[in-house]
Amino acid sequence: MPTDSSEHAAKVRTFFDRRVEAYDAFYDPPSPLLRAFNRVFRKAVALRRDRMLELARQHGCRTVLDVGGGSRRNTVWLARQGVERLVGVDISAPMIEQATELARRAGVADRCEFRHLDFIHLPRGERYDLVGAVGLFDYVLDAGSVLAHMASFAEKV
C-alpha cells in the first residue's frame, strides 16, 4: 500500500474509474440469484444506507453530504425518500457521471449535486445536516483526518 496520500488517492481513483459498471451492479444486481446473495451476504450495505435515512428522519435533516459513495445509488435513494438536498463527492469522474445519470432517470436530479474531487480537498464552509460515508473508510489511509474533515461540514449529525 502506498504511503503517500496523493499516490494512494491516484490508485483509488484508477481502481474505481475502471470498475463503474461492476460497482454499480453491486447495488442493482442483474439477476435474481445475485440479488438474493446480496440480501444474505452483503446485508450490511443496505443496513448502513437505511441507518442514514433513519438518522436523517430522527434529526430532521434536510441536507446530506454523501462522501465517496461511488455511483451514488444511496444518494439517489435518499432523495427518493424525501431528503431535500444532497451533495455527493467522489474521486472518480466516471462514478460522478453515472450518478448524474441515475439521478436524472430517478427524477431527483434537481435535488442532487455531484462533485468530482478527492473529499479531503473539499473546501470548508458549507454545512450539511447530515454527513455520511458508506464504505469509504476501506479506501483511505488516514481515517482520523477524513473523519475530522467530515465533521467540519456537519450541522447536526
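Asp-66 touches Arg-72, Thr-75, Val-87, Gly-88, Val-89 and Gly-132, leaving out residues up to four places away in sequence; contact here means heavy atoms within 4.5 Å. The model is a predicted one, in which local features need pLDDT of at least 70 and side-chain atom pairs count only at pLDDT 80 or more, while totals for chains, interfaces and linings use all residues. Residues are numbered from 1 along each chain as its sequence is written, and side-chain values use heavy atoms, with hydrogens and water left out.

- Asp-66 sits in strand β1 (residues 63–67); strands are DSSP runs of E with at least two residues, helices are runs of H or I with at least four, and both are numbered from the N terminus.
- With a relative accessible area of 3%, Asp-66 is buried; that word stands for under 20% relative accessible area, with exposed over 50% and partly exposed in between (1.4 Å probe, protein chains only).
- Ala-56 belongs to helix α4 (residues 43–58), and its relative accessibility of 3% makes Ala-56 buried.
- Setting aside neighbours within four places in sequence, Ala-56 is in contact with Cys-61 and Leu-130.
- Ile-120 lies 64 residues from Ala-56 along the chain, and 23 Å separates their C-alpha atoms.

**Helix α1**

- Helix α1 (residues 5–17) has 13 residues and spans 18 Å from its first C-alpha to its last, close to the 18 Å expected at 1.5 Å a residue; the expected span is 1.5 Å times one less than the number of residues.
- His-8, Ala-9, Val-12 and Phe-16 are the buried residues of α1.
- These residues are on the same side of α1 because they cover an arc of only 100° around the axis, where the arc is that of the directions from the helix axis to the C-beta atoms.
- An α-helix has 3.6 residues a turn, so residues three or four places apart point the same way.

**The whole protein**

- The protein has seven helices and four strands, in the order α-α-α-α-β-α-β-α-β-β-α from the N terminus.
- Its radius of gyration is 15 Å, which agrees with the value near 15 Å for a compact globule of 157 residues; the radius is taken over C-alpha atoms, and the globule rule is 2.2 Å times the number of residues to the power 0.38.
- The C-alpha atoms fill a box of roughly 40 × 40 × 25 Å along the principal axes.
- Of the 157 residues, 39% count as buried.
- Among contacts between residues at least 6 apart in sequence, 71% join residues at least 24 apart.
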